[in-house]
Each structure stands twice: as structure tokens, then as C-alpha cells.
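Subject: Handover of a structure

Dear colleague,

Please find below the structure that I am handing over to you. My notes on what was found in it follow.

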Amino acid sequence: MLTKKQIELLEFIQKRMARDGVPPSFDEMKVALDLRSKSGIHRLVTALEERGFIRRLPHRARALEIVRLPDSLAKSAPGFSPRLIQGDKKTAPPPPSGAFEVTSDAFQLPVMGKIAAGVPIEAISEVSHNISVPGSMLSGRESHYALEVKGDSMINAGINDGDIVVIREQELAQNGDIVVALVEGHEATLKYYRRKGAMIALEAANPAYETRILPEDKVHVQGRLVGLIRSY
């Protein structure tokens with residue numbers, strides 16, 4: 001069940017996308033919902049994303065997409081065509097070593113210890129346990145693994161201490177990706193990735209943490225964030 005403010009925001013986004021073809025800015029959302037700060041909008045957007053009504057698209061300005069609408073809004077938006085997201089057993093990526101498929105659209109992934117969303121901690125590569133994730137979280141054909149988040153430096157990206165992040169193994173990243181980065185061969189951290197010439201910036205989503213800027217040979221991307229699991 002959505003709150004009144006969540007429904008108001010979803011309706012505002014849907015109407016603006018129908019009119020302009022792009023979502024409104026966070027400033028426009030703040031004004032439309034009569035909120036004092038954009039942090040309230042961030043919380044509402046994160047809640048809608050966690051409930052499967054919208055998703056954020058990487059590498060695009062105003063990167064929001066409506067996946068589905070609640071019945072109360074769908075009736076008033078006859079032109080809206082929901083986007084069905086589901087696993088496909090034939091094309092789903094193979095589970096990583098040590099993992100196995102448990103249903104047609106769910107996999108067991110190894111949780112490879114903890115990853116720092118704060119000050120980098122020593123890299124961990126030992127499997128602590130397995131966790132079941134929906135197949136729709138797994139993108140491409142690369143291997144995937146999971147990590148438990150420790151710290152709050154990515155909190156404004158909706159990633160909290162104790163969350164489980166699902167990571168697709170890859171060595172390349174685009175500016176704005178949230179990646180697992182190995183720093184100087186022994187420290188692992190979860191941060192936004194931004195390349196600035198021959199330097200790599202590892203950027204937090206919390207103003208309490210400074211951006212670390214390192215030579216490109218000191219930073220090795222170990223994977224990109226593709227999903228998040230939270231327990232209440």
C-alpha cells in the first residue's frame with residue numbers, strides 16, 4: 001500500500017512524462033508536493049522504487065521510468081502501458097560458481113562477506129552464506145555475487161548499512177555507475193565511479209564523506225551494482 005504522498009508523486013511523474021516525454025526534476029517534484037527539501041523527494045522516490053512502481057535508469061538525466069501504476073492511477077491513465085519485468089529461464093545469466101537456480105526466476109548467490117560504504121575495509125573474498133535473489137535482478141551473462149553493506153556513505157543513493165547489494169562482475173564502468181572498487185589491491189569499497197582524465201574519483205552519496213581521487217592504476221573495478229535487498 002502506498003502513502004498519500006507516494007501516490008501524489010507517482011501521479012505527478014506520470015502526468016509530466018505523458019505531457020513532456022521526460023520525468024520532472026527533483027526541484028519540480030519538491031514544489032509540486034509542497035515539500036521543504038529534496039531529501040523528502042529522494043525518500044519518496046526510493047520507496048516507490050523499492051515497491052516496484054518506478055526504476056532509475058543509469059547514465060541519463062532525469063533518469064526515472066514508471067514500471068507500473070496502482071489501480072487508482074491506472075484507471076485515470078488509459079494510455080499508460082505497464083512494463084512487465086520478469087525472469088526468463090532461457091536467457092537468464094548463468095549462476096556464478098557455487099550458486100544454483102532454485103526456481104525458474106530465482107537464484108542462490110554467494111554473499112562474499114561485507115563491502116564498505118564508508119572508509120574502505122580489507123577486501124573479502126570468502127563466501128559467508130548464500131541468498132536467494134529474483135532472476136530479474138541478474139543482467140547480462142556475467143557472473144553475479146552479493147555483498148553485505150557496512151557503513152552509511154551511500155545512504156543518499158538508498159543504500160543503507162546492513163543492506164545486501166547484488167553485483168554483476170565486470171571490470172569496466174561508466175561515469176555514474178555504483179561499483180565495487182578495489183583500491184591499491186587490498187581495500188574494497190562501494191562508491192559512485194567517475195573518470196577524470198587519468199584519475200578515478202570514488203564518490204560517496206553522503207556529504208559527510210570526501211571524494212577519493214586516485215590514479216587509474218590504483219583502482220580496479222570488480223563489479224557494478226544491479227540490485228539491492230533489504231530486510232525489515
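At 18% relative accessibility, Glu 187 counts as buried. Arg 212, by contrast, is partly exposed, at 30% relative accessibility. The two partners come from distant parts of the chain: Glu 187 belongs to strand β10 (residues 187-196) and Arg 212 to strand β12 (residues 212-215), 25 residues apart. Please keep in mind throughout that this is a predicted model.

**Salt bridges**

How many salt bridges does the structure hold? There are 7, and two others deserve a description here. Arg 195 and Glu 216 form one of them, at 2.6 Å from N to O. Arg 195 lies in strand β10 and Glu 216 in the loop between β12 and β13 (219-229), so this bridge ties together parts of the chain that are 21 residues apart in sequence. Arg 195 is partly exposed at 37% relative accessibility, and Glu 216 is also partly exposed, at 39%. In the other bridge, Glu 203 pairs with Arg 194, and their closest N and O atoms are 3.1 Å apart. Glu 203 has a relative accessible area of 22% and is therefore partly exposed; Arg 194, at 27%, is partly exposed as well.

**Nonpolar cores**

In soluble globular proteins, nonpolar side chains tend to be buried together. Which residues touch the most other members of the largest nonpolar core? They are Val 165 and Leu 190, in a core of 18 residues. Strands β4 (106-116), β7 (144-150), β8 (164-168), β9 (178-183) and β10 each contribute at least two residues to this core. Leaving aside residues up to four places away in sequence, Leu 190 touches a list of residues that includes Ile 115, Val 149, Met 154, Val 165, Ile 167 and Val 180. Another core, of 15 residues, lies apart from the largest one; Leu 2, Met 29, Val 45 and Phe 53 are among its members.

**Helices α2 and α3**

Helix α3 covers residues 38-50, and its 13 residues should span 18 Å at 1.5 Å a residue; the C-alpha atoms at its ends are 18 Å apart, which agrees. Its buried residues are Gly 40, Ile 41, Leu 44, Val 45, Thr 46, Ala 47 and Leu 48. Against which elements do they pack? The partners are α1 (4-20), α2, β1 (54-56) and β2 (64-66). After α3 comes Gly 52, which has a positive phi near 85°.

Asp 27 is found in helix α2 (residues 26-32) and is partly exposed, at 42% relative accessibility.

**Confidence**

The average pLDDT of the protein is 77, and 75% of the residues score at least 70. Where is confidence lowest, and where highest? Strand β3 (residues 100-103) has the lowest mean, 41, and strand β11 (residues 199-203) the highest, 96. Residues 81-104 have a pLDDT below 50, and this stretch makes 41 contacts in the model beyond near neighbours in sequence. Where pLDDT is low, the predicted coordinates should not be read in detail.

Yours sincerely

Notes:
Residues are numbered from 1 along each chain as its sequence is written. This is a predicted model: local features need pLDDT of at least 70, side-chain atom pairs count only at pLDDT 80 or more; totals for chains, interfaces and linings use all residues. Side-chain values use heavy atoms; hydrogens and water are left out. A salt bridge is a side-chain nitrogen of Lys or Arg within 4 Å of a carboxyl oxygen of Asp or Glu. Helices (H or I, at least four residues) and strands (E, at least two) are DSSP runs, numbered from the N terminus. Buried means under 20% relative accessible area, exposed over 50%, partly exposed in between (1.4 Å probe, protein chains only). A nonpolar core is a set of buried Ala, Val, Leu, Ile, Met, Phe, Trp, Tyr and Cys residues joined through side-chain atoms within 4.5 Å. Contact means heavy atoms within 4.5 Å. pLDDT is the predictor's confidence in each residue, from 0 to 100. The expected span of a helix is 1.5 Å times one less than its number of residues.
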